[in-house]
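This report describes the sheets, the backbone and the pockets of one structure, with a heading for each topic. Please read it beside the sequence and the model shown below.

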Amino acid sequence: MNISFKLIVLCLALTIVSCSQTRNEQKPQLSIGIIADCQYHQREHKRERHYNLSANKLEQAVHVLNEQPIDWSIHLGDFIDKEYQSYQTLLPIWRDLKSPGYHVLGNHDFSVKEDLKLTVPGILNMPARYYDFSQGNWRFVIIDGNDLSLYAYPKNSEQHLISEKTFQYFQKTSPPKKELHTYNGALGSKQMAWLKGVLDEAENQGQQVVLFSHFPVYPINAHNLWNDDVVVNLLEQYTSVFAWFNGHNHVGNYGFKNGIHYVTFKAMVNTTENAFAVANFYPEKIEILGHGRQQNMILPRGKQAENFK
């Protein structure tokens with residue numbers, strides 16, 4: 001074998017290794033499906049909200065997600081618009097997902113009879129109202145923004161009375177320009193302490209954190225949690241926090257503050273066009289591939305997002 005031939009073989013081998021490494025670098029660490037505000041109910045549409053189309057849209061989304069290498073999917077709250085029987089229509093569709101499916105609690109999820117409100121997390125097969133889990137170097141935190149709220153508990157319950165007092169407190173102490181609405185809620189002291197513990201642990205383990213909530217906390221908006229500023233202040237204490245993903249504001253939104261991305265996903269229920277996304281996780285970025293009305297985005301670590309659609 002002459003020297004020239006050996007060099008050709010060596011170059012080919014190096015090229016194959018290089019291409020293989022490039023493919024590995026381009027492959028995401030994990031991929032998830034994201035849906036916000038399916039908000040199904042069998043009634044005629046109201047303005048831009050097409051409630052009775054949402055079951056078909058969810059079925060379409062599940063079909064698309066099942067055709068891709070998805071690790072799991074999550075719905076960001078308001079699975080239904082109202083009435084308990086709406087769950088019976090959607091849940092069989094949701095169970096058709098080939099990968100695990102998770103839920104975040106939204107305000108409309110509690111638009112059921114008083115004696116059924118406390119059963120909502122159970123019918124959605126949630127391990128708790130708020131919880132967390134890890135996958136690889138990522139920590140995922142599911143927030144309950146209805147923790148303190150005027151709709152999520154029976155009216156004669158202790159939780160409802162505490163929520164009423166909390167809302168009155170925020171009405172008295174919040175800045176004049178801050179909008180407080182009864183369709184929003186807040187994180188209570190127990191959940192805030194739990195969240196701090198989760199973030200401490202993730203920071204110590206060198207994990208990157210993404211939080212999922214129904215409600216936004218940034219930018220300032222009428223849909224935000226009552227104690228959005230307190231939550232943001234906590235998040236900003238940790239370099240591990242990468243992003244906060246939420247629904248609730250149906251038109252979508254985006255903000256970036258002190259290294260953290262805040263993404264509001266567009267509502268599936270709005271218009272006749274669908275809206276959902278696939279998020280691909282890489283060491284230094286999250287890539288959001290939108291379907292329908294949901295736009296594509298790239299969220300680089302520590303940098304403003306890039307929209308490319």
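## A cis peptide bond

Pro-219 has its place in the loop that runs between strand S6 (208-213) and helix H7 (228-235). In this model, which is a predicted one, the peptide bond leading from Tyr-218 into Pro-219 is cis, and its omega is near -5 degrees. Most peptide bonds, by contrast, are trans.

## Positive phi values

Most residues other than glycine have a negative phi. Two residues that depart from this pattern are described here.

Glu-83, which sits in the loop between S2 and helix H3 (85-94), has a phi near 75 degrees, a positive value although the residue is not glycine. With a relative accessible area of 34%, Glu-83 is partly exposed.

Asn-258 is found in the loop between S8 and S9, and its phi, near 50 degrees, is likewise positive in a residue other than glycine. Its relative accessibility is 60%, so Asn-258 counts as exposed, the cut-off for that class being over 50%.

## The seven-stranded sheet

Seven strands form an open sheet in the order S3-S2-S1-S10-S11-S12-S13, and the pairing within this sheet is mixed. Strand S3 (101-103) and strand S13 (306-307) stand at the edges, and because each has a single partner strand, one side of each is left without a neighbour in the sheet.

Within this order, strand S1 (residues 30-35) pairs with strand S2 (residues 72-75) in the parallel sense, over four bridges, and Gly-33 stands opposite Ser-73 in S2. Helix H2 (residues 54-66) lies across S1, S2, strand S10 (275-282) and strand S11 (285-292), and the helix runs at about 30 degrees to S10.

## Strand S9 and its partners

Which strands pair with S9, and in what sense? Strand S8 (residues 253-257) pairs with strand S9 (residues 260-264) in the antiparallel sense over five bridges, whereas strand S7 (residues 241-246) pairs with S9 in the parallel sense over four bridges.

Since five of the five residues of S9 are buried, the strand is largely enclosed by the rest of the structure; buried here refers to a relative accessible area under 20%.

## The largest pocket

The largest pocket holds about 380 Å³ of space. Its lining consists of 21 residues, of which Pro-175, Lys-178, Ile-220, Asp-228 and Asp-229 lie nearest the centre of the pocket. Two or more residues of this lining come from each of helix H5 (158-173) and H7, and it is H7 that provides the largest share, five residues.

By residue class, the lining of the largest pocket divides into 10 nonpolar, five polar and six charged residues.

## The second largest pocket

How many residues line the second largest pocket, and which of them lie nearest its centre? The lining is made up of 14 residues, and Asp-147, Leu-148, Tyr-153, Gly-188 and Lys-190 are the ones that lie nearest the centre. The elements that give two or more residues to this lining are H5 and helix H6 (189-204), with H5 giving the most, four residues.

The volume of the second largest pocket is about 280 Å³, and the residues of its lining divide into four nonpolar, five polar and five charged.

Key: Residues numbered from 1 in each chain as written. Predicted model: local features only at pLDDT ≥ 70, side-chain atom pairs only at ≥ 80, totals over all residues. Heavy atoms only, no water. Pairing = 2+ DSSP bridges. Contact = heavy atoms within 4.5 Å. Axes fitted to C-alpha atoms, helices over the stretch in contact; angles between N-to-C directions. Buried < 20%, exposed > 50% of the residue type's maximum accessible area, 1.4 Å probe, protein only. 1 Å grid on protein atoms, 1.4 Å probe; cavity = no way out; pocket = protein on both sides within 12 Å on 5 of 7 lines; lining within 4 Å. Points joined across faces, edges and corners; volume = space filled by probe spheres on them. Nonpolar A, V, L, I, M, F, W, Y, C, P; charged D, E, K, R; others polar.
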